[in-house]
Amino acid sequence: MKTVEEYYDVVVVGAGHAGCEAALAAARLGCETIIFTVSMNSVALMPCNPNIGGSSKGHLVKEIDALGGEMGKNIDKTYIQSKMLNKSKGPAVHSLRAQADKDAYSMTMRYTLQNTDHLTLRQAEVTELIVEDGVIKGVKTFSGAIYHAKTVVLATGTYLKARCLYGEVVNYTGPNGLQAANYLSQSLKDNGVELYRFKTGTPARIDKRSVNFDVMEEQFGDEKIVPFSFTNKEEDIKREQISCWLTYTNEETHKIIRDNLDRSPIYAGVIEGTGPRYCPSIEDKVVRFADRKRHQLFIEPEGEFTNEMYVGGMSSSLPEDVQYAMYRTVKGLENVKIIRNAYAIEYDCINPNQLKLSLEFRNIQGLFSGGQFNGSSGYEEAACQGLIAGINAARKCLGKDPVILDRSQAYIGVLIDDLVTKENHEPYRMMTSRAEYRLLLRQDNADMRLTPIGHEIGLIDDERYDKFLLKKEQIEKEIERLKHVNIGANKTVQELLESLGSTKLNSGSTLEELIKRPELNYECLAPIDPDREPLDDDVAEQININIKYEGYIKRQLQQVEQFKKMENKLIPDTINYDEVHNLRTEAVQKLKAVHPHSVGQASRISGVSPSDISVLMIYMEQMRHRK
Amino acid sequence: MINEFDTIAAIATAVSNAGIGIIRISGSEAMEILVKIFEPYNKKADVYQLENHRIYYGNIKDGEEVVDECIVLIMKGPHSYTKEDVVEIDCHGGVTVVYKVLNLVLKNGARAAEPGEFTKRAFLNGRIDLSQAEAVMDLIDSKNEMARKNSMTQLKGGLSDKIKQLREEIIYQIAFIESALDDPEHYSLDGFPEKLLEEDKKWITIAKEMLDSYDNGRIIAEGIRTCIVGKPNAGKSSFLNALLGEERAIVTDIAGTTRDTLEESVTIDGITLNIVDTAGIRDTEDKVESIGVERAKKEIESADLILFLMDTSVQISEEDIEILQRIRDKKKIILLNKSDKATEESGFEQSALKEYISEETPVISISAKYGDGIDNFIMELKNMMFHGRIDVNQEVYITNARHKDALAKTYESLECVERSIEAGMPEDFFTIDLMNAYEKLGLIIGESVEEDLVNEIFSKFCTGK
């Protein structure tokens, strides 16, 4: 029988948020790339919440954009509401979040894929990996077609052996009733890949016309729009926004849930997968936080041209009849019509400890992976891994070293390091508290941190890079100038300070010193700074933050210096941990499982103690001398 | 977090009241620290400009207060043991002063060195011969094990609980802040800073109390572990009372002791004895008593010094011989009690002891009842200390210094939180210092941070879609 046989540089399996970034990056770097999707209608699908960004996830999107990825641009084109969260908190935790028009998001991304050079989008299910002597050679599809490749990126999301459950109902499908991928798991196992089984869930989608919004609190978007992409200005993307709505569960809701717990597949023990603790279903919330009288719910539009609305805060796997009963206890949802049921989904993913920091499998050369397949959760977490996996898959084809971002450079670095290094028993979600250098890894300065890297990789063109350099120069120049602008204690100055609720000056000061006062900022001092040149908002923001938090920033920079020293102590690939005397057995096992890249990474493995690290360093020194 | 490149300090000599004690500092900040605490004899001299590999005489000062006169040796890297900048401070004021200087060094920016850390640095910086690598690893391994055990055993129950409680309270507040930052539409921080300030002030008070108790030596049993043994009625209690009753003696209760044995800490002329009074050690059928006997045997095992009280008003008994055999290898002083009573009548033959004790072992006649001979005992004790004949458990001092360092840094961090709140800083800044405090407290009870915060957030706060 004749089979189709094609040759590519990079094959990407799955066209979700990870796959799209991976394929676009590889193609843009000049590699002939093909991306497979089980359905052309599920490219960049958002099968759960209808938003992009949020706390720490917004940081990830900004970083993706700063490196030359697509997510930021795509959401800027398709958002229907935008909000900067935590505005009253410190700049490190300001987080941008946008409601997406789901269909528009998906179609816009598909359009981008289809119009990118060197990229082919193909509907087919990949069923088998072709591996020879520990090196990936390509993939096989359900029809038997063979796609030879130099490198492969797996981004199968929640599709591997997926099944969706609510109550007694079990559907052997991926999200939204889409076809599951039932064969690839076996091929992975055959190639020695260790699999985990995780679960997650989603709430019901309801008909807008059946909701009484009059009794809910309207949630507006921000007036000032901050784009996700550094290439956009506010005026480029400003639009009329669509509101979300706030309502609450109540005692009656909770009673119905408690009375029907035995019919939940999780509580009945039907579900084997491990679910995320941070994203509990409403059943979990009612059980674990029994003292809470109500839980808040956000009713969010799924798009501009659909009546479907998402019931944020109420994911569930209870039976259909219970779902109707419980949703209808909620204020404003008394007559609600469900369009899609809430469900839990179970799927295969890998133990990410099998990966290197480049997201390449340690034991299968040329095979990379990203996204929920790696045990993470969330669109943004997926996208950023896809981007890195795609970049590194392409670089491998081009004979270049992989790009690895560390914990001091980006949330992306924190995320990948956590996945690859630490034990992970639930879908991993990003959080700002996971970043030890949070003050440096702000969403506002993602371009300062990463655009030079994106340019070097080749995903940021010269035009964008020149604009970036100009911005950087403006910031540096202005900060320097402010240090030297002396302000006398004259009447105008004193009056301005008084009007801003700030103490008057006793003697002269500089503008820099004044900006440091908590109640003042760069903007509000403009009246006493006649020589100031007009600057863009984002430039002014950088100036303000850098001056105001200089002390804290310096402190973190010093910590980073220490951190780098340990990261730069690389552990040779050839190390045999069994030979290291005095290393405790537990440490040997853990080190063998993770195979850390540096002493710094080794120190983050749970079960490896500081004295193990000392012993390891001495052993390495000994090895170095013996050579 | 591993700090391989910061500045470390430790006491480099055996901790005893013998003459000189050396504090060694190594790392890039060694000179900066010296500048802050050392005033050379030639007051005009700039400490930064002091010459390499030379010895300088001057005062160690804590602010305006002179802590000790000392000699300072400066060895700039790479021409030093660790190849880093090394400063050695030789002080001569005995245990208390050496300890005080170390704490001063820590307060000014050094970190208390881990066991074997100087040697490790020397090795990693290429100073030590390759063949010694195994030995260095052994050293780190064994010393860490020892330090860990010490750290746990020296912490009297009460303190460990207090620290755990404090850590729990701190992590809860961090988790609350983080949950609110993570899910601001769910958890509000309105009015939170005021509440946190109240909590923080409470924590500061607790940290201060703990810190003070370290200074008073009430928490860790530093000093010479001393065990009084002897038959019942040999006069152990009277002797103890006589000792405690000395005008020179400073008696401290050791708080939170969980032992049933009587334990007293007494400092005489700068020598601290931690005295355990034991039950007899004869074999017995009585269940309760046999537990006491077992304990007594253990106390003897772990003691640095044994005081054997013998009743000279009666003959040497089998039980005495048994004790003598058991303490054969221990450092000891034999106290012949009841010297007020004539021994001729009792038939007590001192010469019979020779078989069981070496010539060096001091034998002193006392009358615990009338306080006679106590002076001789104290003189002999000092004599033994100064000739290094008693080994003091050095780890105790080192652990103590490390704990105190950690507590001081906890205290500092909590104060930073207070300042941040009062300055109206955004809430996310509080967690930086709160986390520091949490981490430092963990060092004392041997717990690291790992995934604590994430676990706390997920278990205590309800977030998510």
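Where in chain A is the place of Ala15(A)? Thanks for coming, everyone; let me start there. Ala15(A) sits in the loop that runs between strand E1 (5-13) and helix H1 (17-28) of chain A. Please keep in mind throughout that what we have on screen is a predicted model.

Is Ala15(A) buried or exposed? The cut-off for buried is 20 or more other C-beta atoms within 10 Å. Ala15(A) has 29 of them, so it counts as buried. Once we set aside neighbours within four places in sequence, the contacts of Ala15(A) are Cys20(A), Ile35(A), Thr37(A), Val43(A), Ala44(A) and Leu121(A).

Now move along to Gly19(A), which belongs to helix H1 of chain A. With 31 other C-beta atoms within 10 Å, Gly19(A) is buried too. Again leaving out residues up to four places away in sequence, Gly19(A) touches Val12(A), Gly14(A), Ile35(A), Ala155(A) and Gly386(A). Ile35(A) is on the contact list of Ala15(A), and it turns up on the list of Gly19(A) as well.

Let's zoom out to chain A as a whole.

How far apart are its end C-alpha atoms? They are 16 Å apart, and this agrees with the 16 Å that 12 residues should span at 1.5 Å a residue. The buried residues of H12(A) are Ala446(A), Asp447(A), Arg449(A), Leu450(A), Thr451(A), Gly454(A) and Ile457(A). Those residues cover an arc of only 170° around the axis, so they lie on the same side of H12(A). A reminder of the background: an α-helix has 3.6 residues a turn, so residues three or four places apart point the same way. The cover over the buried residues of H12(A) includes helix H2 (57-67), helix H10 (379-397) and helix H13 (462-484) of chain A.

While we are on backbone angles, have a look at Asn176(A). Asn176(A) is not a glycine, yet its phi is positive, about 60°. You'll find Asn176(A) in the loop between strand E11 (169-171) and helix H5 (184-190) of chain A. Asn176(A) has 18 other C-beta atoms within 10 Å, so it is classed as partly exposed.

On to chain B. Its secondary structure comes to 14 helices and 14 strands. Of the 465 residues in chain B, 44% are buried. Among contacts in chain B with a separation of 6 or more, 71% are between residues 24 or more positions apart.

One loop in chain B deserves a stop, the one between strand E5 (65-75) and strand E6 (86-91), where Pro78(B) lies. Gly77(B) and Pro78(B) are joined by a cis peptide bond, with omega about 0°. Lys83(B) is also placed in the loop between E5 and E6 of chain B, and its phi is positive, near 70°, though it is a residue other than glycine.

Chain B is divided into domain 1 (8-128), domain 2 (157-216 + 395-460) and domain 3 (224-391). The centres of domain 1 and domain 2 of chain B, taken over C-alpha atoms, are separated by 31 Å. Their contact takes 10 residues from domain 1 of chain B and seven residues from domain 2 of chain B.

Last topic: how do the two chains meet? In all, 35 residues of chain B are in contact with 41 residues of chain A. Which element gives the most to the side of chain B that touches chain A? That is H4(B), with eight residues. By class, this side of chain B has 17 nonpolar, six polar and 12 charged residues.

That's my tour; I'm happy to go back to any of these views.

Conventions
Residues numbered from 1 in each chain as written. Chains lettered and ligands numbered in written order. Predicted model: local features only at pLDDT ≥ 70, side-chain atom pairs only at ≥ 80, totals over all residues. Helix = DSSP H or I, 4+ residues; strand = E, 2+ residues; numbered from the N terminus. Buried ≥ 20, exposed ≤ 12 C-beta atoms within 10 Å, placed from the backbone. Contact = placed C-beta atoms within 7 Å. Domains from an automatic or database assignment. Nonpolar A, V, L, I, M, F, W, Y, C, P; charged D, E, K, R; others polar. Expected span 1.5 Å × (residues − 1). Arc of directions from axis to C-beta.
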